[in-house]
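Dear colleague,

Please find below the structure that I am handing over to you. A short account of the findings follows it.

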Amino acid sequence: MAVPEFLSTAELLKQGAEARVYRAQFLGKPAIVKERFPKRYRHSVLDEKLTHRRTVQEVRSILRCRKAGIPAPVVYFVDYTSNCIFMEEILRSTTVRDHIVGAQQSDAGNDVELRLLAQRVGQTLAKMHDEDVIHGDLTTSNMLLRRGPQDKESELVLIDFGLSYISALPEDKGVDLYVLEKAFLSTHPNTELVFEELLKSYAASSKRSPAVIKKLEEVRLRGRKRSMVG
Amino acid sequence: MHLTQELELFPDVRVTQLLFKEVKNAAELRQSAVDGKINGALINPTMLVDPFQVLVAANKAVCFQKNGKMKTRALSSEIIFNLSPTNKISDAFKRFGISDGDDCVMVVVVQDKSETPCFDDIVSKVDGCQIPVKDISLLSDHMKIKKLYKVTPQEEKCGTLLDAVVSRMATKDVL
Ligand SMILES: Nc1ncnc2c1ncn2[C@@H]1O[C@H](COP(=O)(O)O)[C@@H](O)[C@H]1O
């Protein structure tokens, strides 16, 4: 049982409901290890199958994105026995979330910058959906901005494909955007215009976007009705 | 000249890489490996981008060996198998193993910490010139590598060739 021993010495970054995220050296490089652990309340055979499938889906989606030129962490090693993914640590990076919070705190002129960022996110997500990758958990914490060398503009890197899957359905893509919209507007108050910019650039970047945006609007309505009833 | 790395997951295991050019006895070396007289994997270095690629293959081989999940019969064959983007063992040997006419070779040795590291035996068996492992990029054939791993220009926009190669090696069992 080499991996559990190794993880016991690694730095724990995040303890989630389904997974733990660690930082460690791997083959001499700075790496992030994502460990999916068994959930006691689920039947153990079923649980093992689900955990394994999530791990497989995560690495498949990462690879699919990278092949299409969408930045995501390089996968170094997958241990299917302990359901651990060893991947590149995105160095010199901040989450889009922290970036927006920072920009909103300091005033003056950041509006333009935030809109540019929103456009970039929109373009990247359009590209991802054109590859039929549904992220499943889009939030501004699951997007990193990696600073480039010197004045080169920073690069947007998508992370945490733990709930991702492959689908061509506009409905799935619409829900993906709806999840982001909810998370975005609740994490970052007064960003309605910024988010609108994101959707505009999404729509402009993908030929298949009209059907997705239509679904997004439908899902919004459903969400509203549900919240009026409940 | 050689490069030794301890595997973090298996702190008792060390992987050493030795690189040779102007090799004149590739056929003989290959035969010694087949007969089990060389304790190491003999790899065609033109298919390697970086020593890290070898470490990724070796780490996975050691892990699968401990779990009893190896696809081949020996650790050195497993390292060669892991370098390949496909799951066909014969393809892996053809592309990543050495051939009789080759004039350069990478030797990968996996040892236990308790063994005294000694590579004189290997160095004496190779009729060639040992060069620093970090010079591997001088021998790699990028065109051939891109073609075999099917690396597209758009993928190279979001990372290096090494990134593309390593991602495929790491995920090939589930694609
Ligand atoms: N590949 C990575 N490189 C750098 N930081 C990461 C990486 N993956 C995750 N993180 C950090 O760990 C946190 C939790 O990861 P996750 O559960 O995958 O969202 C993220 O919000 C990031 O700050």
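The shell around the ligand takes at least three residues from each of two domains of chain A, namely domain 1 (5–88) and domain 2 (93–223). Please bear in mind that this is a predicted model.

The bounds of these domains, 5–88 for domain 1 and 93–223 for domain 2, come from the domain assignment of chain A. Between the C-alpha centres of domain 1 and domain 2 of chain A the distance is 23 Å. The two domains also touch: 16 residues of domain 1 of chain A are in contact with 19 residues of domain 2 of chain A.

As to the ligand itself, the space that the ligand takes is the largest pocket. In total, 14 residues surround the ligand, and the closest are K14(A), E88(A), I90(A), N142(A) and D160(A).

With a backbone N or O atom, I90(A) lies 2.7 Å from a nitrogen atom of the ligand. E88(A) likewise places a backbone N or O atom 3.0 Å from a nitrogen atom of the ligand. In the case of D160(A), a polar side-chain atom lies 3.2 Å from an oxygen atom of the ligand. Of the 470 Å² of accessible area that the ligand has on its own, the protein covers 84%.

Yours sincerely

Conventions: Residues are numbered from 1 along each chain as its sequence is written. Chains are lettered from A and ligands numbered from 1 in the order in which they are written. This is a predicted model: local features need pLDDT of at least 70, side-chain atom pairs count only at pLDDT 80 or more; totals for chains, interfaces and linings use all residues. Side-chain values use heavy atoms; hydrogens and water are left out. A residue is near a molecule or strand if one of its heavy atoms lies within 4 Å of it. A polar contact is a pair of N or O atoms within 3.5 Å; within protein, one must be able to donate a hydrogen and the other to accept it, and residues adjacent in sequence count only if both atoms are side-chain atoms. Accessible areas come from the Shrake-Rupley method with a 1.4 Å probe; for residues, only the protein chains shown count as cover. On a 1 Å grid over the protein atoms alone, a cavity is a set of points where a 1.4 Å probe fits but cannot get out, and a pocket is an open set with protein on both sides within 12 Å along at least five of seven lines; lining residues have an atom within 4 Å of a point. A molecule sits in a cavity or pocket if more than half of its atoms lie within 2 Å of its grid points. Domain bounds come from an automatic or database domain assignment. Contact means heavy atoms within 4.5 Å.
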